[in-house]
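I opened a new notebook page for this chain. The entries below follow the order in which I looked things up.

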Amino acid sequence: MRTNTDTYGLPPNFILFNFPSRFQTVETPSEELGVSILYCSTNLTSFELSKSMRMREEEIEKLRGVVRDCVSKHLYSSAIFFADKVAAFTEDPADVYMQAQALFLGRHFRRAFHLLNASKIVLRDPRFRYLAAKCLEELKEWDQCLMMLGDAKVDEHGNVLDNKDHSGMYLDKDSEDREINIAAATCFLRGKAYEALENRTQARLWYKAAIKADPLCYEALECLIESHMLTCDEESSLLLSLQFGPEDGWLSSFYACLIKKYDKENIIEARFKELERESCNSESYDPSFTRTLKTNTDLLACKAEYYHQCGEYQKCFELTSVLLEKDPFHLKSTLVHLAAAMELGHSNELYLMACNLVKDYPQKALSWFAVGCYYYCIKKYDQSRRYFSKATSLDGTFAPAWIGYGNAYAAQEEGDQAMSAYRTGARLFPGCHLPTLYIGMEYMRTHSFKLAEQFFVQAKTICSSDPLVYNELGVVAYDMKEYNKAAWWFEKTLACIPSPLSEMWEPTVVNLAHSYRKLKMYREAIMYYEKALALSTRSLSTYAGLAYTYHLQDHFTAAITYYHKALWLKPDDQFCTEMLSLALMDECQNGMDPKADLRRSEVFV
């Protein structure tokens with residue numbers, strides 16, 4: 001038998017397996033060849049197994065890190081490539097989920113859904129099911145999205161009656177970061193699907209269920225607030241029902257600032273002050289160095305909304321101007337800024353804002369709403385209607401556009417079209433009382449006082465603390481000659497308004513004075529007319545009402561003085577012209593007013 005080395009000093013197995021074509025003449029017995037082949041095969045199998053083990057322990061984890069890094073750097077194609085290889089190596093459900101996430105982020109929704117749906121645990125693991133439903137959401141397949149999320153019911157208070165889908169999560173989060181409950185995310189997605197299917201009642205219930213399942217699910221609260229799905233009382237009740245953690249006191253206060261702000265002035269101011277005092281220690285070595293929410297843009301935008309609601313438009317405009325210098329693309333501040341500029345008549349500011357928004361966000365309803373506001377401000381109502389309509393077509397859930405659309409019709413006394421827009425707004429936004437209030441105003445304009453009163457009462461049911469509603473109830477009572485009732489509503493209006501009164505509420509003060517005059521309570525009437533003059537010195541109605549009140553008391557000198565002031569504002573006013581002639585005749589017939597000297601200094605102030 002030959003030795004295990006040949007002429008060249010190489011082992012036979014090396015010759016046979018590495019250079020078969022060059023060493024065909026080497027003779028090796030079949031037994032030795034079989035032993036050599038078996039020996040080599042055994043060595044290669046062990047090597048491959050060892051390498052595979054090392055791949056599983058080290059290389060796979062490195063590849064997972066590569067996938068995570070690609071996602072953080074938004075290199076989604078790279079993430080998809082490496083996630084696919086990791087899932088092929090391991091067939092671990094966690095790696096399949098990671099691959100589906102990469103596909104979803106890379107906008108390969110069909111492929112991601114197919115991958116998840118093909119897995120055997122998609123209906124058992126809530127995370128797989130949720131991601132599959134998110135893929136269907138992006139594909140706008142809303143019915144299939146709801147089917148994927150499973151059957152569940154919710155009561156009118158937002159409590160989920162069937163929660164079996166959310167038990168036993170398969171995947172756990174490795175980090176110690178705080179995580180939003182998957183049940184809350186699932187409820188929120190159900191709400192979005194129902195809203196897309198125009199079932200807003202179910203959408204509202206599921207959004208409530210989402211925020212109740214986890215108060216950190218801010219998006220659910222945002223949808224409820226921005227889509228005006230809840231009334232003032234319902235919003236307050238919802239916040240009271242949320243179970244915040246001991247470390248989330250600041251979040252509870254912040255949410256209270258986000259909802260409708262029709263509470264008493266001291267309550268709302270206390271909320272803002274509480275949040276401004278909230279602080280957290282920084283990582284600085286100096287324990288006295290703290291950070292607060294005092295300059296937070298979202299909080300200041302809430303405060304600007306409150307100023308606008310109170311009628312302090314200049315203060316609101318100044319605050320939003322500062323906010324937009326700090327963050328020019330903060331859309332909530334932008335909307336409040338537009339509203340304040342509208343009230344102040346700043347057409348140049350509206351024009352600049354509209355141009356910038358259309359350039360930066362041509363597909364957003366807010367941009368075209370801004371264009372409509374500009375044309376409305378310069379009284380080109382046809383053009384304003386066109387752009388408000390475009391805003392509603394881009395986003396049918398954008399409430400300001402519907403109200404602006406109706407107001408543009410109402411400005412030209414096109415009542416039917418205005419009420420059509422308001423009714424659409426009332427249907428889409430059951431938690432917003434303004435469309436209902438404006439429908440009542442349109443009925444007032446056509447002297448349908450009973451119908452107007454019904455809509456004002458309905459608006460009061462939706463928002464029981466808006467002083468504007470009380471003012472309109474007072475106006476309709478006055479027009480129906482129910483002067484005691486009118487005076488009561490006007491007094492209630494002024495009691496709800498934060499002090500000091502702004503010029504916005506001057507008509508309410510005048511209305512109360514008119515009511516007292518009708519009730520022959522002349523002293524109270526004169527007092528409120530004078531309060532109205534302190535708010536605005538250019539009101540024809542105030543001067544005329546004050547002159548007429550003095551005239552009724554036979555104080556002709558004072559009456560003549562105020563008739564002259566009213567006619568200075570509007571020389572062709574028929575009522576003041578006729579009453580001035582009568583006052584002059586009465587004074588000539590009755591002589592000088594004996595009390596004139598006592599009041600002269602007061603009259604000419």
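**Ground rules.** I am working from a predicted model, where local features need pLDDT of at least 70, side-chain atom pairs count only at pLDDT 80 or more, and totals for chains, interfaces and linings use all residues. Residues are numbered from 1 along each chain as its sequence is written, and side-chain values use heavy atoms, with hydrogens and water left out.

**Overview.** I noted 31 helices and two strands in the chain. Helices (H or I, at least four residues) and strands (E, at least two) are DSSP runs, numbered from the N terminus. Of the 605 residues, 46% count as buried. Here buried means under 20% relative accessible area, exposed over 50%, and partly exposed in between, with a 1.4 Å probe and protein chains only. I then looked at contacts, meaning heavy atoms within 4.5 Å. Among those between residues at least 6 apart in sequence, 54% join residues at least 24 apart.

**Entry: E137.** I found E137 in helix α6 (residues 126-138). Is it buried or exposed? E137 counts as buried, at 6% relative accessibility. Leaving aside neighbours within four places in sequence, E137 contacts W142, C145, L189 and K192.

**Entry: α12 and L299.** Helix α12 covers residues 249-258, and seven of its 10 residues are buried, so the rest of the structure largely encloses it. I listed the buried ones as L251, S253, F254, Y255, A256, C257 and L258. Next I went to L299, in helix α14 (residues 297-309). L299 counts as buried, at 1% relative accessibility. Not counting residues up to four places away in sequence, L299 touches F254, C257, F272, L275, E276 and L293. I also checked the pair L299 and L275: 24 residues apart along the chain, their C-alpha atoms are separated by 8.4 Å.

**Entry: α18 against α19.** I looked up the packing of helix α18 (residues 365-377) on helix α19 (residues 381-394). The angle is about 165° and the axes are 8 Å apart. Axes are lines fitted to C-alpha atoms, for helices over the stretch in contact, and angles run from 0 to 180 degrees between N-to-C directions. The two helices are therefore roughly antiparallel. The cut-offs are under 35 degrees for roughly parallel, over 145 for roughly antiparallel, 65 to 115 for roughly perpendicular, and oblique for the rest. The crossing of α18 past α19 is left-handed. Left-handed means that the near helix is turned anticlockwise from the far one by less than a right angle; clockwise is right-handed. From α18, the contact uses A365, W368, F369, V371, G372, C373, Y375 and Y376; from α19, it uses Y381, Q383, S384, Y387, F388, K390, A391 and L394. By class, I recorded 12 nonpolar, three polar and one charged residues. Nonpolar covers Ala, Val, Leu, Ile, Met, Phe, Trp, Tyr, Cys and Pro; charged covers Asp, Glu, Lys and Arg; polar covers the others, Gly among them.

**Entry: α22.** Helix α22 spans residues 434-445. At 1.5 Å a residue, its 12 residues should span 16 Å, and the end C-alpha atoms are 16 Å apart, which agrees. The expected span is 1.5 Å times one less than the number of residues. Nine of the 12 residues of α22 are buried, so the helix is largely enclosed by the rest of the structure. They are P435, T436, L437, Y438, I439, G440, E442, Y443 and M444. Their cover includes α20, α21, α23 (449-462) and α24 (467-479).

**Entry: α24 against α25.** I found α24 packing on helix α25 (residues 483-496) at about 165°, with axes 8 Å apart. That makes the pair roughly antiparallel. α24 passes α25 in a left-handed crossing. The residues that meet include Y470, L473 and Y478 of α24, and W489, F490 and C496 of α25. The contact divides into 11 nonpolar, three polar and two charged residues.

**Entry: positive phi.** Most residues other than glycine have a negative phi.

- E413 has a phi of about 55°. E413 lies in the loop between α20 (399-411) and α21 (415-428), and is exposed at 58% relative accessible area.
- D554 has a phi near 65°. D554 sits in the loop between α28 (540-552) and α29 (556-569), and counts as partly exposed at 47%.
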